[in-house]
Structure formats: C-alpha cells, structure tokens
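Please look over the model shown here with its confidence in mind, and then follow the account from a single chain to the contact between two chains.

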There are 2 protein chains.
Amino acid sequence: MSEPTARGSDHVQSLARGLAVIRAFNASRPELTLSEVARETNLTRAAARRFLHTLVDLGYVRTDGRLFALTPRILELGYAYLSSLSLPEVAQPHLERLVAEVQESASVALLDDVDVVYVARVATSRIMRVTINIGTRFPAHATSMGRVLLAGLAPGDLDAYLERVELRPFTQHTVTSEPTLRGELDRVRNQGWAYVDQELEEGLRSIAAPIRNSGGRVVAAVNMSSHASRTSLESARRDLLPQLLAAAARIEADLIAMSTAEAGPALSR
Amino acid sequence: MSEPTARGSDHVQSLARGLAVIRAFNASRPELTLSEVARETNLTRAAARRFLHTLVDLGYVRTDGRLFALTPRILELGYAYLSSLSLPEVAQPHLERLVAEVQESASVALLDDVDVVYVARVATSRIMRVTINIGTRFPAHATSMGRVLLAGLAPGDLDAYLERVELRPFTQHTVTSEPTLRGELDRVRNQGWAYVDQELEEGLRSIAAPIRNSGGRVVAAVNMSSHASRTSLESARRDLLPQLLAAAARIEADLIAMSTAEAGPALSR
C-alpha cells in the first residue's frame, strides 16, 4: 500500500520539496548553508531560501543567518508515528532483558517497502558498536530481520517485492540471486529464524526471529547482532537463539494481551 | 534562534499544511479518514486529499482507500536530526550502566523553546512505566531536566524564556510563579542538580544533572525518574544522585573526547 504511485495533478510539489530540504541534513551534514541546501535538493537558491525560512518559522530549523540546522522539534514528525505503535513500548523491556542475558545488542524492526526500519533497540558495549538509531533503514535482503520479515510475506507480496527490489551486494557474501534468496527464505520459514553472516557488512553477523500477531502473521522481527569474531553460527545457535526465541515469544504474548483495539496501524494492517 | 518569526511572503503555506497533516496522526488517532484529517488540520477535504496523496506518493503515508496512516518511513525525517547529534549515541551506554546500577529509568534531553525534548532513554521495568519516547516533549518548568537546562541559560536567554512561557500547573505542586521558579533555578545552579517532586504528574519524581560542553556551558540534561512511592528526596539524594552525577561526568568526558568537529549542531551552537 505504501508503494509510490504515478505523480498526478494531486501532487503538492512544495510539500515534496520541503521534505527534501529536511532530508538534506544528516550526520555528515548537520549544518548547511543556503547554497549547500540548494545544491543537495536541486532547488534554486530563491526556492531553497523560502523552504528554509518556512521551516525556521515553524521551529523545525534554526539559523545564525548563515548556517542552518534542524532543531529537536523535527522529532515530533517521527514521534507521531512512533507513539502510534504499541510495539516499541511493548518490546523495550524484553530487549533489555535479552541484552542483559546475552550481552549482545538487540533490536526490533518492521518491513517498509524493500527495507527494514528499526523501531526499538538496546545496544551493549561501546566497543565495536554498530551505529543504529530508531529510524535506521537497511535493505531487507541482506539482513536477518529482513529475511524473517520477507519469509513471512504472503506469496503474492513476496513476488511483488522481488519484482521491485534490486538485490545489491554489500559484501562478497551478500545473496544477490533471486533463486538463492527464495531458497533462503524457505529455509527461514521452516526453521523459524534467520542467521545472516556478513552480508550487510564485513564482520557483522546477526540472528533474527519473527514476531507474530494473534492471527499468526509476521508483523515484526527481533534480532541480536555481534561482531563475527565473537559469534559463529554454532555459538549463535547454542548461546543466542534460545533466549532470542524466548524474547520473541514474550513480545508476542504481550502484544496479544493488549487488545487489538490498542494495536497500532503497522500491526493491524 | 528557533523562535518563530512573523510569517512573511517567504512562507510556503503548502509545506506548513503538509507538515500539519503529518502531525494530525498520533497515538490516539493512528488511522484517520480523509474527513478526519480535514477536520484536524482545518483544511478543505480537497486540500487534505491532495496533501495525503502527496504523502502516499512519497511513501510517508499508506492507505487502504478509506483509512490513512503514517508509515515507518516518516522516521527518516527525525532520523536526519538524531543522526546529526553525537549526544544520543555517546549517552546511551552510560544510561544503560546507570539503569543497571540503580534500577530506575534514565533519560537525556535538550531544551527546545519552552520544552525539554528526549533524545536518549533507557527504561526499566514495565510496572509503573512512564510512556516516553525519543521526541517526547514536556514543559521545561515542571521537569527536573528542564530546571537544569533553564538554570544553565545565560541571564538574557532566561529572561526571554520567562517572557514567552506560560507557567501552567499540571498538579497542585507545579511551580507557577516566576519569582519562585527563579529562586528554584538559583538553587539548582548552586547545587548542580535538580529534584522535582510531582510537578508534572502526581506520583512522578525525578532528579536531573547537567551535561556541559568543554566550554562549561550546559548543553543537555540527564535524569532518573521513579514513582513517588519508591523515592523520597532523601533516598534520591543518597541512592540515585551519586550515580547520576557520575554518569553525567562520564557523558561529558566522552563528548569532550570526541573532537568539537564531530559534535552535532545542538552541542556546538
């Protein structure tokens, strides 16, 4: 349903361009001049100025006259979504327990188009820490949570995904062939978990399990990730998998215990 | 600098209205019909339809034809800001250690206009859990982190805050008089921490400490909150404060260790 459609006369170009101005800011470009915003967004300087000043009026951007930067108020746009989900709040204490038990970082993600999107996370030590925030996106095909979420799609939805996705390689290990990925997803569906070994980044391994709603449909995934030097498939299976599956079961039980009336849109759709 | 200015000819109304459509969705209204969006935003149905369809085109909203809801992609707008801050990532492991030590929830917030905005949080048990996410805003005057942040303002900035803020009561304990608040802030500035007893919500107490940059300016606050039945001022001071101040010092040391070149906009301004 979230698949972009052809842009007709209903498309409000000013809104699209204003959102592109917001996205021009990121970790490597936290402060931008007017010229830099214009260049990043392919807008004229005059247009970029109007959008920036509108965002300053609304409190989403601040400026010292030369440099522009986002303000914390911008979080309210994503907060509207996060607060509409029961999942992050339900999952958080279970992730904390899981991290305390096995001392590896744990996360929960949803599928959005061809990506997984993190909606909850508890990280462990700062050494070899993977930089992931709420809202971080990774391509589903190269991640353990993505494999679990893709394996849970209805056959027609999986076909649609495979038609529109580009199975890009990120390391020499990334699965980039459709038949291989389909075989991998069959295996994940049968065994009830996914293990991905350095397909997104060299040195990064992760293991994921599905979170199902009361109807048995996969609505989210929970994973643990760690550096390859610490975790082989055998050790992940022995030391992490039992606790991971237990955490997934506890999250599922809590989600089902909350009435479906309380479940957010990403769970009830 | 983020204070709204008069809205001149530079103001792009379509962008402002589109962002209002995004904000129409929240926890109590995760799914809305076209009519509901029009009502919430004071737009005509025709205008609301154009904004919603643009957001669907861009992947920020999904629809089944009747109901509309935000998608996880909306998080990318806040993510641009979060990823531009070093603070949440630096603070997270220290919050985790703090929570493990004292078994109460811990958070980090920034001041934005008259509110505190949460940018990092580690929560503890689910019983009596306060529902707070990244991006949650509370009025600064009624919160411990707000008191610490206000106490750290330059005198002119504090005067400007007091001119524009409405010191609303949330409980019978909320400080609503300017002289009392000024006296409270003097005390916080001198003692180096703030304790707030049920001023935001009955039953909720919290204690906060400032996080300073290398120049000694207060750039953020860290707090621990708990139910009033578990924490008196005396027990907070004895059992929580030493660890809280130690966590603040560790976060400061890490922030200063990262070169100022790496510090995000909210820290360098």
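Predicted model: local features only at pLDDT ≥ 70, side-chain atom pairs only at ≥ 80, totals over all residues.

**Confidence, a strand residue and the interface**

Chain A as a whole averages a pLDDT of 86, with 90% of the residues scoring at least 70. For the model, the scores are ipTM 0.73 and pTM 0.73.

Residues are numbered from 1 along each chain as its sequence is written, and chains are lettered from A and ligands numbered from 1 in the order in which they are written. Local features need pLDDT of at least 70 and side-chain atom pairs count only at pLDDT 80 or more, whereas totals for chains, interfaces and linings use all residues, and side-chain values use heavy atoms, with hydrogens and water left out.

Within chain A, A:Thr33 lies in strand β1 (residues 32-33) of chain A. Is A:Thr33 buried or exposed? A:Thr33 counts as buried because its relative accessibility is 17%, where buried means under 20% relative accessible area, exposed over 50% and partly exposed in between (1.4 Å probe, protein chains only). Leaving aside neighbours within four places in sequence, A:Thr33 is in contact with A:Arg66, A:Leu67 and A:Phe68; A:Thr33 and A:Arg66 are 33 residues apart in sequence, yet 5.9 Å apart in space, C-alpha to C-alpha.

Turning to the interface, 78 residues from chain B and 79 residues from chain A take part in the contact. Between them the two chains bury about 7000 Å², 61% of it on carbon and sulfur atoms, buried area being the accessible area (1.4 Å probe) that two parts lose on being put together, summed over both. In chain B, B:Asp57, B:Arg62 and B:Leu75 lose the most area to chain A, together 10% of what that side buries.

Chain B and chain A are also joined by four salt bridges, each a side-chain nitrogen of Lys or Arg within 4 Å of a carboxyl oxygen of Asp or Glu. One salt bridge joins the side chains of B:Glu76 and A:Arg23 (3.7 Å, N to O).

Conventions
Contact = heavy atoms within 4.5 Å. pLDDT = per-residue confidence, 0-100. Helix = DSSP H or I, 4+ residues; strand = E, 2+ residues; numbered from the N terminus.
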